[in-house]
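Colleague: Can you take me through this model, from strand pairing to pocket to ligand?

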Amino acid sequence: MSEEVRKTHWETVYTTRGENEVSWFQDNPALSLELIDLVRPTHDAAIVDIGGGESRLVDNLLARGFERVTVLDISQAALDVAKARLGSRASKVQWIAVDVTEWQPPQTFEIWHDRAAFHFLVDAADRAAYIARLKEAVPPGGHVIIGTFAIDGPEKCSGLPVNRYDAARLAEELGTGFALIHARRHDHVTPWKSEQRFQFCVFRRTA
Ligand SMILES: C[S@@+](CC[C@H](N)C(=O)[O-])C[C@H]1O[C@@H](n2cnc3c(N)ncnc32)[C@H](O)[C@@H]1O
C-alpha cells in the first residue's frame, strides 16, 4: 500500500468516526501503562507513541509526570483530536504527523510504544523500514513495547489486512539486538463488546 493511500484511509477514519466508534478505542490504556511501568522509566525518559492516533495514553503519561512525550501518527486529524482534548497540556507534547516508515527521528527515545500500528505493515519492505526507524530512534538500553493482533486475533483492522504475531514471530521480525523481556496475551473489548486477541511484547535493545 502506498503512503498516500494509507494516509487517505486514516484521515477518512478520523474525520468520519468519533473516538468510541472505532474498534481500538479504550477509555483507559491500562496494559500499556503497566508495561511502561515494567521498564521503570524516570520522569525525564523520552517516550514515543507510534501510531498513537487519538489514544488517551498521552493524557495518562502526562498525568503521571512524564515530561518528554511524543505522539506520532500518519493522521493529522487524529493528532488534532488528541490535542483538542488535552487543551493547554497539548503544548507539553511533541506531535509528529508522518508515516513511521518515512520518519527521520530527530532524537532518541528510551521507550518506543506501539499499540496496533505495526500490524498494518503487511509488506516486508514497510516492516524493514519501520525497524530501521526504530533502530535509529531507540539506542541500546532502550525499550520497545509493541502490541499487535495475536496469531488467533482478527485478520483485519479498520478494514485493512493485518499481520498477526506471537512473541516468537515478533522477536524474529525485529531480528538480533533485541531481548524479549515480557510477553502478554490480552483480550481487548471493543466499544460494541466483541473481543479481539492481542499479543503485547516488551523488548530491551541490547546491541
Ligand atoms: C488501530 S489504530 C491504534 C491507535 C492507537 N495506538 C490506540 O491504541 O488507540 C492504528 C493507528 O496507527 C496509525 N497508523 C497506521 N499506519 C501508520 C503508519 N504507517 N505510520 C504512522 N501511523 C500509522 C493510524 O493512523 C492509527 O491511528
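This is a predicted model: local features need pLDDT of at least 70, side-chain atom pairs count only at pLDDT 80 or more; totals for chains, interfaces and linings use all residues.

Modeller: Residues are numbered from 1 along each chain as its sequence is written, and side-chain values use heavy atoms, with hydrogens and water left out.

Colleague: In which sense do β2 and β3 pair?

Modeller: Strands are DSSP E runs of at least two residues, helices H or I runs of at least four, numbered from the N terminus. Two strands pair if DSSP finds at least two bridges between them. β2 (residues 68-73) and β3 (residues 93-97) share 5 bridges, and the sense is parallel.

Colleague: Which residue of β3 is the bridge partner of L72?

Modeller: L72 has its bridge partner in β3. That partner is I96.

Colleague: How much space lies in the largest pocket?

Modeller: A pocket is an open set of points on a 1 Å grid over the protein atoms alone, where a 1.4 Å probe fits, with protein on both sides within 12 Å along at least five of seven lines. Volume is the space filled by probe spheres set on the points, which are joined across faces, edges and corners. For the largest pocket that gives about 660 Å³.

Colleague: Which element gives the most to the lining of that largest pocket?

Modeller: Lining residues have an atom within 4 Å of a point. The largest pocket has 40 of them, with G51, D73, A116, A117 and F120 nearest its centre. Elements giving two or more include β1 (46-50), β2 and α5 (124-137). The top contributor, with 3 residues, is α1.

Colleague: How far is a ligand oxygen from an N or O atom in the side chain of D73?

Modeller: A polar contact here is a pair of N or O atoms within 3.5 Å. The side chain of Y14 has an N or O atom 2.6 Å from a ligand oxygen. For the side chain of D73, the distance is 2.6 Å.

Definitions and conventions: A polar contact is a pair of N or O atoms within 3.5 Å; within protein, one must be able to donate a hydrogen and the other to accept it, and residues adjacent in sequence count only if both atoms are side-chain atoms.
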